[in-house]
Amino acid sequence: MIKSKKGTVLVTGSSRGIGKAIAAAFGKKGYAVVLNGSKDKKALEQTKVELSKKGIDCIAVLADVSDYQNCKMMLSEVKKAFGTIDVLINNAGMAHIGLFSDMTPKQWKRILSVNLESVFHCTHLVLPDMIHRHQGNIINISSIWGQKGASCEAVYSAAKGGIDSFTKAMAKELGPSGIR
């Protein structure tokens with residue numbers, strides 16, 4: 001098990017884009033990094049190689065964070081590699097542009113699962129250890145559409161609004177335990 005002086009950060013949805021940039025930034029600051037992606041194992045492994053070449057201690061875990069059991073498996077891998085998670089960044093997400101009236105219940109469920117339920121799953125699983133240690137940081141990535149709403153992105157907007165409310169509520173609930 002490797003333990004970084006700064007701690008360990010788990011960034012969901014970090015094989016590319018914003019998540020990859022966040023993971024690299026934390027790694028450059030001295031954190032051990034857990035990369036996560038749900039589908040593209042090749043991109044996830046490529047990101048791991050890129051960060052490793054920069055001297056960043058990291059592992060890559062392919063897991064669909066919209067599924068609670070996948071999240072449990074991912075956290076088990078993290079514990080083996082790094083021990084505890086000091087920073088959780090719930091970044092995984094997906095958009096769907098189209099009229100709400102054309103959306104199927106299956107699409108609605110998938111968008112909510114990836115964008116909102118993943119935040120619940122990962123947060124729920126890291127909390128016992130953070131509460132026990134009276135420390136930890138949870139960062140939830142949202143969107144302006146969670147506050148304003150977007151035409152042709154109604155379900156995405158609803159999910160991001162849910163993240164905003166969840167974040168505010170959890171800050172009140174967890175603050176007394178030393179968790180930001």
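In the protein chain, the mean positions of the 25 positive and 14 negative charges lie 5 Å apart, where Lys and Arg count as positive and Asp and Glu as negative, with His and the chain ends not counted, and where each charge is placed at NZ of Lys, CZ of Arg, CG of Asp or CD of Glu. The model is a predicted one, in which local features need pLDDT of at least 70 and side-chain atom pairs count only at pLDDT 80 or more, while totals for chains, interfaces and linings use all residues. Residues are numbered from 1 along each chain as its sequence is written, and side-chain values use heavy atoms, with hydrogens and water left out.

The secondary structure of the protein chain comprises 6 helices and 5 strands, these being DSSP runs numbered from the N terminus (helices H or I, at least four residues; strands E, at least two). Read from the N terminus, the elements follow the order β-α-β-α-β-α-β-α-β-α-α. The radius of gyration, taken over C-alpha atoms, is 16 Å, close to the 16 Å given for 180 residues by the globule rule (2.2 Å times the number of residues to the power 0.38), so the protein chain is as compact as a globular protein of that length. The C-alpha trace spans about 50 × 40 × 25 Å along its principal axes.

Of the 180 residues in the protein chain, 46% are buried, a term that means under 20% relative accessible area, as against over 50% for exposed and in between for partly exposed (1.4 Å probe, protein chains only). The protein chain exposes about 9500 Å², of which carbon and sulfur atoms supply 57%, with areas calculated by the Shrake-Rupley method with a 1.4 Å probe. Among contacts (heavy atoms within 4.5 Å) between residues at least 6 apart in sequence, 68% join residues at least 24 apart.

Ser 14 lies in the loop between strand 1 (8–11) and helix 1 (17–28) and is buried, its relative accessible area being 0%. Beyond its neighbours within four places in sequence, Ser 14 is in contact with residues including Gly 19, Lys 20, Val 34, Asn 36 and Thr 47.

The structure holds 3 aromatic pairs, where rings of Phe, Tyr and Trp (its six-membered ring) pair if their centres lie within 6.5 Å, and planes under 30 degrees apart count as stacked, over 60 as edge-to-face and the rest as tilted. One of them joins Phe 26 and Tyr 31 edge-to-face, at 5.1 Å centre to centre with 70 degrees between the planes, and both Phe 26 and Tyr 31 are buried. Another edge-to-face pair is formed by Phe 120 and Phe 166, at 4.8 Å centre to centre and 65 degrees between the planes. This pair links distant parts of the chain, since Phe 120 belongs to helix 4 (residues 105–133) and Phe 166 to helix 6 (residues 154–174), 46 residues apart. Phe 120 is partly exposed at 35% relative accessibility, whereas Phe 166 is buried at 17%.

Also in helix 4 is Val 126, which is buried at 4% relative accessibility. Not counting residues up to four places away in sequence, Val 126 touches Leu 75, Ile 85, Leu 88 and Ile 138; the C-alpha atoms of Val 126 and Ile 85, 41 residues apart along the chain, are separated by 7.0 Å.

Most residues other than glycine have a negative phi. His 134, in the loop between helix 4 and strand 5 (137–140), has a positive phi near 55 degrees and is exposed at 54% relative accessibility.
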